[in-house]
Each structure stands twice: as C-alpha cells, then as structure tokens.
Amino acid sequence: MPRPEDPVRMGSFFEGPFYSHTTGYSPNEMADALDHLDTNIEELGPFDGVLGFSQGAALALSYMYQQQVRGEPIPFKFFLCFSSVIPFSADAGYCQDIIQRLYALQWDVTAPANSPVLTGDERLFCDVLLRTVIAAKEKGAALPEYSMDVYNNDDGSKAPRVMHVQLLKEKLQIPTVHVRGKRDFDFMHSMSDIAYGMCEEKLARKLEHSGGHQPPQQDAEVRSVIRAMEWAISQSERTPMHHL
C-alpha cells in the first residue's frame with residue numbers, strides 16, 4: 001500500500017491495462033473524444049439517463065454542456081455524476097483570451113495565482129488549475145500525462161480549457177446527482193465541486209459517502225444514491241427540456 005506522500009497511481013491498487021476516454025485535453029483532443037462519444041450514443045442509444053464515474057463523468061458533463069450551448073439535443077434526461085474529475089472544453093474559443101494573455105506574459109501556471117498582474121478571470125483560471133490539474137499531477141494522478149508548459153508554448157492552442165461556472169455562459173439544465181467520497185483527495189473534492197457548480201442548483205443533489213475515489217460501498221449509502229436517482233428521474237419527467 002503506498003504511503004500518503006507517494007504518487008497515487010492506479011497500478012498501486014489494480015492490475016492494468018488502463019485506458020483513457022481521451023488522448024489528451026486540448027480542444028482538438030476533447031473534440032475527438034466528444035465526437036467518439038456522440039457516435040456511440042447514436043449507435044447504442046437511445047438512453048434515458050447517463051451515469052459517469054471520474055473521467056467518464058467529466059466527459060459526459062463536457063458533452064452535455066456542449067450540446068446545450070449549441071442548441072442541439074441532449075440525449076439524456078438526467079445525469080448521475082460520481083467522483084467527477086475536472087471537465088475540459090472542446091471549444092477552442094472558450095477562455096482563448098485568457099490563454100493568450102498567459103502566453104504573452106509567459107506566466108508560470110504552477111505559481112500562486114494572486115498576482116495583481118493577472119485579471120480576475122485569469123486569476124480564477126490559474127487558481128482552478130492549481131487546485132485541480134496541478135494538484136493531481138503532483139500526486140501522479142493525471143491521465144493521460146502532459147506538461148503544463150503547454151500554456152507557454154506556441155499560441156496556446158493546445159492548452160487545455162478547464163471549465164468553471166464563472167467562466168461559462170450558462171449552467172446545465174437537466175436533473176443531476178453528484179456523489180463523491182469523503183476520503184477522496186482534496187484535489188478530487190475541488191474537481192467534483194466544479195462539476196457540481198456547472199449544473200443548475202435547483203435541479204441538482206449532492207451526496208457524500210464514507211469511501212474514497214470509488215462508488216459507495218455501504219448498503220445505506222447505496223440506498224441514498226438510489227433515492228437520489230429516483231428523485232432525478234421524477235424531476236426529468238416534470239422538468240421542461242428546452243434543449244431536447
């Protein structure tokens with residue numbers, strides 16, 4: 001069992017092979033991943049709802065948000081979000097002005113984000129990186145791996161666009177249930193909080209179980225999730241879906 005200060009890698013707990021929903025997190029790579037997801041939904045659907053865990057939850061959230069802001073149908077009526085990692089946008093225009101400014105400044109995104117040189121949105125963007133992506137990389141928990149130098153190279157077009165409610169146009173307008181483990185890492189709590197914040201609060205419920213980065217294992221906690229799922233289903237039946 002690894003010590004708390006050791007890098008957290010899946011191989012410490014499970015045998016491989018391990019796979020990723022994406023080849024990377026740049027807008028182009030995210031667009032490829034969302035297109036792949038869309039193709040699978042078309043081929044295997046229709047679906048009433050979607051359940052995502054960790055990277056899968058973030059990918060589903062990015063996909064549904066993209067569908068909504070484009071005015072295209074969201075193929076799910078409700079979303080069960082378990083231990084989501086940070087969502088990334090496939091929109092190259094999202095936060096492009098921030099990315100370009102960081103590049104012009106040659107800003108070290110691993111540095112504290114409270115500098116007066118940065119605007120409010122730039123500080124927020126960098127703070128999100130520090131609390132999520134960079135904190136995960138320090139624990140060896142980033143998959144797939146990539147260098148933070150991407151924010152200082154070329155024109156920043158390959159830089160991942162972390163999503164945050166204060167930098168987005170709107171919130172996701174379908175019923176959602178958000179579940180996380182109390183013993184998960186702090187950076188995972190930050191990530192799940194950001195995922196929760198992207199969803200309409202009146203249509204969202206948040207639960208915390210006693211475990212770590214895993215679905216709930218205790219009977220009572222599983223029953224709580226089932227009740228929340230039933231609530232989301234009932235909400236989906238009475239909530240007007242403007243984007244369906």
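This is a predicted model: local features need pLDDT of at least 70, side-chain atom pairs count only at pLDDT 80 or more; totals for chains, interfaces and linings use all residues.
Local features need pLDDT of at least 70 and side-chain atom pairs count only at pLDDT 80 or more, whereas totals for chains, interfaces and linings use all residues. Residues are numbered from 1 along each chain as its sequence is written, and side-chain values use heavy atoms, with hydrogens and water left out.

Rings of Phe, Tyr and Trp (its six-membered ring) pair if their centres lie within 6.5 Å; planes under 30 degrees apart count as stacked, over 60 as edge-to-face and the rest as tilted. The count by this rule is four aromatic pairs. In one of them, phenylalanine 47 and phenylalanine 76 are tilted, at 6.2 Å centre to centre and 45 degrees between the planes. This pair links distant parts of the chain, 29 residues apart: phenylalanine 47 belongs to the loop between helix 1 (27–44) and strand 1 (49–53), and phenylalanine 76 to the loop between helix 2 (55–69) and strand 2 (78–82). Helices (H or I, at least four residues) and strands (E, at least two) are DSSP runs, numbered from the N terminus.

Buried means under 20% relative accessible area, exposed over 50%, and partly exposed in between (1.4 Å probe, protein chains only). Phenylalanine 76 is buried at 5%, while phenylalanine 47 is partly exposed at 35%. Serine 83, in the loop between strand 2 and helix 3 (96–105), is also buried, with 2% relative accessibility.

Lysine 206 lies over the face of tyrosine 196, 4.2 Å from the ring centre; the criterion is NZ of Lys or CZ of Arg within 6 Å of the ring centre and within 35 degrees of the ring normal.
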